4 protein chains.
Amino acid sequence: MTGSLDIIEFTPTAQQYVFTFGGAPPIRRITPGSVLRLWSDDAFCSALRSVTDLSREKVDLRYVNPQTGPFYVEGAEPGDTLALHLISLEPARDWGASASIPFFGGLTSTDRTATLQDPLPDMTWIYHLDTVRRTVQFQAQHSELSVELPLEPMLGTVGVAPAGGEVRSSLVPDRFGGNMDTPQLRAGVTCFLGVNVEGALFSIGDGHYRQGEGESCGTAVEGAMTSTVIVELIKGGAPAWPRLEDDEHWLTVGSSRPLEDAWRIGQVEMVTWLTELYGLHKMDAYQLLSQISEVPLANVVDANYSVVTKARKSLLPAAVAFAGMHDELRARAVQVLRG
Amino acid sequence: MTGSLDIIEFTPTAQQYVFTFGGAPPIRRITPGSVLRLWSDDAFCSALRSVTDLSREKVDLRYVNPQTGPFYVEGAEPGDTLALHLISLEPARDWGASASIPFFGGLTSTDRTATLQDPLPDMTWIYHLDTVRRTVQFQAQHSELSVELPLEPMLGTVGVAPAGGEVRSSLVPDRFGGNMDTPQLRAGVTCFLGVNVEGALFSIGDGHYRQGEGESCGTAVEGAMTSTVIVELIKGGAPAWPRLEDDEHWLTVGSSRPLEDAWRIGQVEMVTWLTELYGLHKMDAYQLLSQISEVPLANVVDANYSVVTKARKSLLPAAVAFAGMHDELRARAVQVLRG
Amino acid sequence: MTGSLDIIEFTPTAQQYVFTFGGAPPIRRITPGSVLRLWSDDAFCSALRSVTDLSREKVDLRYVNPQTGPFYVEGAEPGDTLALHLISLEPARDWGASASIPFFGGLTSTDRTATLQDPLPDMTWIYHLDTVRRTVQFQAQHSELSVELPLEPMLGTVGVAPAGGEVRSSLVPDRFGGNMDTPQLRAGVTCFLGVNVEGALFSIGDGHYRQGEGESCGTAVEGAMTSTVIVELIKGGAPAWPRLEDDEHWLTVGSSRPLEDAWRIGQVEMVTWLTELYGLHKMDAYQLLSQISEVPLANVVDANYSVVTKARKSLLPAAVAFAGMHDELRARAVQVLRG
Amino acid sequence: MTGSLDIIEFTPTAQQYVFTFGGAPPIRRITPGSVLRLWSDDAFCSALRSVTDLSREKVDLRYVNPQTGPFYVEGAEPGDTLALHLISLEPARDWGASASIPFFGGLTSTDRTATLQDPLPDMTWIYHLDTVRRTVQFQAQHSELSVELPLEPMLGTVGVAPAGGEVRSSLVPDRFGGNMDTPQLRAGVTCFLGVNVEGALFSIGDGHYRQGEGESCGTAVEGAMTSTVIVELIKGGAPAWPRLEDDEHWLTVGSSRPLEDAWRIGQVEMVTWLTELYGLHKMDAYQLLSQISEVPLANVVDANYSVVTKARKSLLPAAVAFAGMHDELRARAVQVLRG
């Protein structure tokens, strides 16, 4: 499991886009320790390029969030833990797109929260990227307001093939990761996912140049992305739900409906993690978490909603998760970035 | 409406505790501009003083969160806006208490999310305050772990009398504010509440020495608090739901069940506010908010859940809300703090 | 506690209408065993009399469901059980009204399930009553369809004063009963409510000439009603949530949000009731209930949603609840009806 | 598309059990009009045969509800409507099983409604079938109570392959039907499902000898079943969500979380259906449905919850859905039953 600094580059053709977790043959086989540089198209498969490109004409919600992958990780077996460390996320274009899609999003009725009302207007916004200032530009369509917002690249989807032979749309977040749509999935984070099938079959996609917590209208500043990722494998130890780690936090992500269930899942997962990290009784872990949780919403718009629970390391005694994998990957990432 | 720098001090006797919003006669009449220094007891009316004080013996959930108030604000009429600026929140004791109360909290079944399972253990934790280091001390009960956590005082409840003649328990957050239980209600924030009855009849209470987002176990580090507050009145302009402002953010608080409805409420309120602040069309405000929202959960444990939506001022053009009331109160607060 | 066959008649003036549970002085004091004949106005206080009377002009949602009452029941103390037997419900007019009220109802966004969409059209439907055929007439407004529907009178609201000093809008159902809006509250049923305050302070209102399960649009065929009711008092034995009994069923009503919580409440209450009626272990009661539950939705439109759980007596061994109160009241009702 | 009265019999071997909708090759190809007689194993794959067979040892929730199928229907294309008429459902054994499975069911915390509480006891109940009296026998385990309940056979799962290449566990109900778990899926009903893939690929399973509405504990009286079914195909006309028809009712089934969303889906589908059947404006259909809906819960225990909306034909003018398919299939069923 020693890593290589050779970087495997991969850019899918449109024919290679995958719109599910599970159900697709691997596009590559890689060994643990590999460093990948992956291009991913935007959530709309590049269909929205101007404010006159409207979703009702150009977007089919069954085929969004095109995935780059899946990758077969040699040696990965059910019950193992896949570690994906995001070294860097770089916008692959100088513009991103967002849209109000009829009956999709958080402040509209949807196919699930069904009402008899008319949809909100179908609208598209284009954000221009200033690569020097590292900003994207919001431009109002019904008035003159223009706002320059910091570029904060993240990945909407990171996931493996689900358990039980299921195949899920790349719009769905669940135990297998998937469309979690949290700004926490940014450069510097390590994502730990339980492996459900031989080879794990992970994929990534749905780059966001920035996104608010909750992803209110259902779409972020969606953009093609070049992601540099280290892939590692830990035998055994699969977490029940996605766990993340960055230099400042331990994080868990729960995904379900209603939103309180997404929260409960992530909280119970964090209580479990704290009992493991610190040898705490679950009641003490529950109490401690009650006083330190940071809980930024991820999304309230997908097939399942996602909520992040964070525990700030600086508040807690030093501890090591997954045998120190995050720190090790951070060190390797430095080497990769140095070239 | 000029304010006075004379500070009105008030400490209720136990007989003066109020456990509702609405339904109680005013304890004092004050004029807009008044500065109050209010002592409030802890959520448990001081009943939990050691780890052997258990909630099933000492806490009646119908009588928690004792309020200090209500205060009748001269000139306040339905449709007006009450502005409460929190100048400072200082712990009034050197210990706080938290508890796992049977069938109360976020990671247990409750009287609402009813199941047939046994309750979690009834436990109490006592946190000692270090006034020099400004920390509170978590001490595990089933192991040796001890963690020193920063003191971050906040108020769990700030509210006015509800509309329509309703009287609500001080455990409830809703349009009238109430038990919102968000760490955002800390020193430096101005809270804007719509007035529903003559005199507004506001009260505060439920001091927390610190609290995680979500207040997972149902109780924060509960402690008696001395709150210094400026009270102002704005004629008209009542927001539909509580709005907050601090130097860095505009904030709204939605409270309901399920949790996504609490979120929707706060988001729609913020869209409305952005349309007012910037003359934006609601669709542009929706789009902009989608990319900048910060959404820390407040609580997932009360009779209604609460979710905060924040918009960071530094991301936006300068704007003035409520005729600049927050900035004015900040200035006055400096004078008060200087004595 | 012997009842009198003298019937106490009461029709409130508009000035006597009460729009809350709790918070109003009793309109009458009565003794247990009393028979009351009560007139109640329709939910809209008679404001909608033709299809051109629209809710936005004539209805204030803070003042709907005018209650007839409250009545002070001599001897009723907290912890007792109030039994209200509905002998007969007779429409007091030859027309009823229903409405689609903007942002109110089940298939629209609301003030809680808030979205940015426009409201559905504000519309009123008038139903004419055929007293001989005992039907009400639905008349489509955008086409010719006319449908004659059976008259099935019921009460939307039956409740007592809440606990803890709360005062709740007559739009709200909860532990205290209130706006449960279930078609099960029809002639022949006995409603058992826990008493929270001296005198119980019950009221009734919100007559429906018929209502579908769920009350989809938020309003039934709303009509003035003459209700004949026997009031009885059982010392002690207060159920946690409303229990109902008719000749065929034991019933419980849970009210909360989200809808699954309303269901869980009613189910747990019924499991408890079955353990009491049959000496069952809770796990056996849970299993048995799983195979026999009938669960008609009550409403998905009020401040809390309500779900009924029914257990059919004919499937179960004979059993007696509340010392046989329902059968006794049925017998007394026969005498009252005979005059 | 003329039907044949020859009956195609099929009993899968254990190796042929399928635990998903989608993702499995067809077991048979059939022509529209075919009559099938299908044996299906019980939800537990026969693993629970006595009260000492416990789910934690013998049941893997990833492999329950074994499906009989899938069947490829010649000529079925996406956008078509599959009609499955249930002629008869006959228990294939003289016993059924039910279980309280740890962290599964409605009155316990689950993997979604996650709490820190201990699970309810793992228990199994065996119901003996009296084929003459057509009853099943409930036997309490912690007391002597025994209750004879009417046999009311139904199918928990009826579904087609999902859209968008998804593969879903046979525990899941959604647009494609699946594990709807409603007692309405009994002999005499026609189930209309939108076709998503060539051949439709439908399957059935999860026979219940009876089930309460809501399926509270998560399992019905689970039993092997012999189902006689007519399969028909309607070109085009795919409903968005499952529609059912029996001699007395039009029915729709919505499945989602929270429970109110499942209800909203089914209600909007029924409003749509009523506009089609009667040429009604959607607002008139909404109003009419509000006064006539019957809404029995289906399940509050599966990965999605399901709610049925029923409109009673006797309340409405005569109308014909799907070109009279249900009546035609009823007539054919009579011929089949006559042999």
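Let me start with chains C and D. In this predicted model, a rotation of 180 degrees puts chain D onto chain C, with 0.0 Å of shift along the axis and an RMSD of 0.0 Å. That makes the relation a two-fold axis. If you want to find the axis on screen, look for Pro296(D): within chain D, its C-alpha is the one nearest the axis, at 2.3 Å.

Now the contact surface. Of the interface residues of chain D, 98% are interface residues in chain C as well, so these copies meet through the same surface.

Next, chains A and B. Which rotation superposes chain A on chain B? A rotation of 180 degrees, and the shift along its axis is 0.0 Å, with an RMSD of 0.0 Å. As for the residue to look for in chain A, the C-alpha nearest the axis belongs to Pro296(A), and the distance is 2.3 Å. Here, too, the same surface serves both copies, since 100% of the contact residues of chain A recur in chain B.

In general, two copies of a chain are related by a rotation about an axis plus a shift along it. For both pairs I have shown, that shift comes to 0.0 Å.

Last, the confidence scores. How high is the mean pLDDT of chain A? The mean is 97, and 99% of the residues in chain A reach 70 or more. For the model, ipTM is 0.97 and pTM is 0.98.

Note on methods. Residues numbered from 1 in each chain as written. Chains lettered and ligands numbered in written order. Predicted model: local features only at pLDDT ≥ 70, side-chain atom pairs only at ≥ 80, totals over all residues. Heavy atoms only, no water. Least-squares fit on C-alpha atoms with pLDDT ≥ 70 in both. Contact = heavy atoms within 4.5 Å. pLDDT = per-residue confidence, 0-100.
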